[in-house]
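User: I am new to this structure and would like to go through some of its side-chain pairings. Could you take me through them?

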Amino acid sequence: MITKKTETLKKYFGFDTFRENQESIIQALIDGKDVLALMPTGGGKSICYQLPALLMKGTAIVVSPLISLMKDQVGGLRTNGIPAAFINSSLSSAVIAQVENDFVNGELKLLYVSPEKLISASFFSLLQKGNINLFAIDEAHCISSWGHDFRPEYAKLGFIKNQFPHIPIIALTATADKITRRDIVDQLKLHQPETYISSFDRPNIHLEVRPALDRFNQILSFVKSKKGQSGIIYCLSRKSTETLAAKLNAKGIKASPYHAGLSPSERSDIQDAFTFDKTPIICATLAFGMGIDKSSIRWVIHYNIPKNIESYYQEIG
């Protein structure tokens, strides 16, 4: 049976059918319920809040810690004819003022913001002037586990339910154990949330662990065997991203570093070069995160071992 949800899915996203749990999550939000959704990377998390944002009156506020992901998602939404925007440190004050006006005037269906921006007093006053249909908290694992080191502002997002008790919240993440899931629900003050856990079986992913001996030559050999493929090498420090990228370039392999110490314009240029296959390899810090919406990434290397298996699974997604 064709419904308004499936019509909207086809019209704006080009899909004929929903993936596992998507339609149920969307309906729960439309019904005003809070939701906790665990879905693997590539499982279609974004549609779970983008589509109900289109079907409901008002604007969805999407909290994301990744500037690069905001840019990718907003660009894709606009291409599909959906009025969307983001506010982060990469924008000028004039552009931010225009986005804020568009939000207050009801001209946006989705507005992406960083957690730092959301908890600021100035943005709270702006929220009170607009018509909000839902809050989406992406990368919700940042509330718990290793997330406190990544974005401590996530721990302050409980104010949303206090100030907007009747607006549904959806918390999304690719992985979270039982303790982390309980922490997410408690800290966001979700009210009897519907919980959806999709399968994490990824038969198309091959995992391999090697001894950390002569790491660079191992990486060099691997990268040469994957000529023409896009990949990410995660490093723990900004310096190591730059050092490793420089060593790869010296061997004739094009690579760029990507970390929070670069200027917004530098990060944007590097991201675009990677997205459009001009630079095949990015050496990136874990703390900043790439957040690249790029379907042709074929491999991920950890130059330094993650501190636990959950972090590893999150990062290879």
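User: What do the side chains of K10 and D16 meet in?
Analyst: The side chains of K10 and D16 form a salt bridge, at 3.1 Å from N to O. A salt bridge here is a side-chain nitrogen of Lys or Arg within 4 Å of a carboxyl oxygen of Asp or Glu. This is a predicted model, in which local features need pLDDT of at least 70, side-chain atom pairs count only at pLDDT 80 or more, and totals for chains, interfaces and linings use all residues. Residues are numbered from 1 along each chain as its sequence is written, and side-chain values use heavy atoms, with hydrogens and water left out.

User: Is D16 buried or exposed?
Analyst: D16 is exposed, at 58% relative accessibility, whereas K10 is partly exposed, at 42%. Buried means under 20% relative accessible area, exposed over 50%, and partly exposed in between (1.4 Å probe, protein chains only).

User: How many salt bridges are there by this rule?
Analyst: The count is six. Among them, K5 and E23 pair at 4.0 Å, N to O. K5 belongs to helix α1 (residues 4–13) and E23 to helix α2 (residues 22–30), 18 residues apart. Helices are DSSP runs (H or I, at least four residues), and strands likewise (E, at least two), numbered from the N terminus. K5 is buried at 12% relative accessibility, while E23 is partly exposed at 32%.

User: And which residue does D272 meet in a salt bridge?
Analyst: D272 meets K71, at 3.3 Å from N to O. D272 lies in helix α13 (residues 264–275) and K71 in helix α4 (residues 67–79), so the pair ties together parts 201 residues apart in sequence.
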